[in-house]
Amino acid sequence: MMRHWQAPSCLLVLLFVLVFSEASTLEDTCKSVGASKKDIGYDYCIKFFQGDSASATADRHGLVVIATKITRGEAANSRKRIDALKASVTDKKVSGRLSDCRMHYTAALKWLEAAAEGVKSGNLQDAKTNLTAVILGTDTCEERFRELGVVSPLAAEDAEFSKGCSIALAITTML
């Protein structure tokens, strides 16, 4: 028979175990991502998710949805940066490449939303397809600048964005 003073202790232990096990989902997932994606690594994965406090208690499905939310924000910011760059660039070829990249980031916003919906609905193949398309679009943006023989003014943003999308894809593959 449980005494009255034991009930709160049991609840605290249960709560601790529940919080600890949920919080470790992020750590376990980032360990797996880091093992499969050497260019990303565990520390980067943890840092990436620190942008959203819900990631601390999310399951893997939730982590993919959060990753797509974070990367949608990055895509929107990249589009704004592209608009600012286009306003100041005088080289028509560079301006054209920036327009191409803006188009890719616009498509990425839709594909990331579709990927999140795919995960939520259990259609993981659609989610993988959409995330792969986003990554390829970013690669295409960078390739277009290499074709011109110029350094992409979006190289840093594109690299960060690709890593975030790769995290989302890696976790989707684990589901």
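A word of caution to start. This is a predicted model.

A disulfide is a covalent bond between the sulfur atoms of two cysteines. How many disulfides does a search of the whole structure find? Two.

Take C30 and C45. A disulfide joins them, with an S to S distance of 2.1 Å. Look at where the partners sit. C30 belongs to helix α1, residues 6-36. C45 belongs to helix α2, residues 41-49.

Now the handedness. The torsion about the S-S bond of C30 and C45 is about -70°, so this disulfide is left-handed.

Are these cysteines buried or exposed? C30 has 0% relative accessibility, so it counts as buried. C45 also has 0% relative accessibility, so C45 counts as buried.

On to C101 and C141. They form a disulfide too, and their sulfur atoms are 1.8 Å apart. C101 is in helix α4, residues 92-121. C141 is in helix α5, residues 124-148. Here the partners are 40 residues apart, and again the pair links distant parts of the chain.

What about the handedness of C101 and C141? The angle about the S-S bond is 100°, and the link is right-handed. Both C101 and C141 are buried.

Next, the pairing pattern. Number the bonded cysteines of the protein chain in sequence order, and the pairing reads 1-2, 3-4.

C165 has 0% relative accessibility, so C165 counts as buried.

Terms used:
Residues numbered from 1 in each chain as written. Predicted model: local features only at pLDDT ≥ 70, side-chain atom pairs only at ≥ 80, totals over all residues. Heavy atoms only, no water. Disulfide = S-S within 2.5 Å. Helix = DSSP H or I, 4+ residues; strand = E, 2+ residues; numbered from the N terminus. Buried < 20%, exposed > 50% of the residue type's maximum accessible area, 1.4 Å probe, protein only.
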